[in-house]
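Me: I've got a fold open and want to talk through it. Can you walk me around?

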Amino acid sequence: MPEHRRPAAHPVPDAAAYLAGRWRIVRTVRDLRSGAEGRFRGTAHFRPDPSGAGLLHSEEGELTWDGAVHPASRTLRLIPLPDGTAEVRFADGRPFHDLDLRSGRWRAVHPCAADRYQGTFTAVAADEWRLEWRVGGPAKDQLLRSVYRRADTG
């Protein structure tokens, strides 16, 4: 699908139930100031958080940037809410953003120092969702586009 076309949204009544499991990720990372572009390939796993509060979201893979390959990872926490939405927090518990996929699409904003992260989440189907982060400010000017495809059936 061409990048300029917006995919149709797939309504998700329960974000945590939808995301639970393993996903394959392909992400492009574009530095809009320099024009440099990289690619991340890896996996995401949403599994019960050992702390007992929701799901632990861990990503692992490799980022290819400027001809070099680097290991890359991150961990987030997804705290489900009774209405099917969720709170997304950093691994240390600090708030990141809310997530409401009930319409199949959600926009989130996160200020980070003087930079601003604007995310668009789109559930495309039962086994695919997309995430685009536009990061702007004095420290960064980036566009990150990710496609998550389910790697398992349960």
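Reply: Tyr 18 is buried, with a relative accessible area of 9% (buried means under 20%, exposed over 50%, partly exposed in between, with a 1.4 Å probe and protein chains only). Bear in mind that this is a predicted model, where local features need pLDDT of at least 70, side-chain atom pairs count only at pLDDT 80 or more, and totals for chains, interfaces and linings use all residues. Residues are numbered from 1 along each chain as its sequence is written, and side-chain values use heavy atoms, with hydrogens and water left out.

Me: How many aromatic pairs does the count come to?
Reply: The count is 9 aromatic pairs. The rule takes rings of Phe, Tyr and Trp (its six-membered ring) with centres within 6.5 Å; planes under 30 degrees apart are stacked, over 60 edge-to-face, and the rest tilted. Tyr 18 and Trp 23 make a tilted pair, 5.7 Å centre to centre with 50° between the planes.

Me: Trp 23, buried or exposed?
Reply: Trp 23 is buried, at 0% relative accessibility.

Me: And Phe 121 with Trp 129, what kind of pair is that?
Reply: That pair is stacked, because the planes are at 10°, with the ring centres 6.3 Å apart. Phe 121 is buried at 5% relative accessibility, and Trp 129 is buried at 5% too.

Me: Which residues form the aromatic cluster?
Reply: Tyr 18, Trp 23, Phe 46, Phe 90, Phe 96, Tyr 117, Phe 121, Trp 129, Trp 133 and Tyr 148 form one cluster.

Me: Switching topic: where does Arg 22 lie?
Reply: Arg 22 lies in strand β1, residues 21–31 (strands are DSSP runs of E, at least two residues; helices are runs of H or I, at least four; both are numbered from the N terminus). Arg 22 is partly exposed, at 41% relative accessible area.

Me: What is Arg 22 in contact with, neighbours within four places in sequence aside?
Reply: Arg 22 is in contact with Ala 44, His 45, Arg 150, Ala 151 and Asp 152, where contact means heavy atoms within 4.5 Å. As for His 57, 35 residues apart from Arg 22 along the chain, the C-alpha atoms of the two are separated by 9.7 Å.

Me: OK, zooming out. How many helices and strands in the protein chain?
Reply: The protein chain has 1 helix and 10 strands, and the pattern along the sequence is α-β-β-β-β-β-β-β-β-β-β.

Me: What does the C-alpha trace span?
Reply: Along its principal axes, the C-alpha trace of the protein chain spans about 45 × 35 × 25 Å. Of its 154 residues, 40% count as buried.
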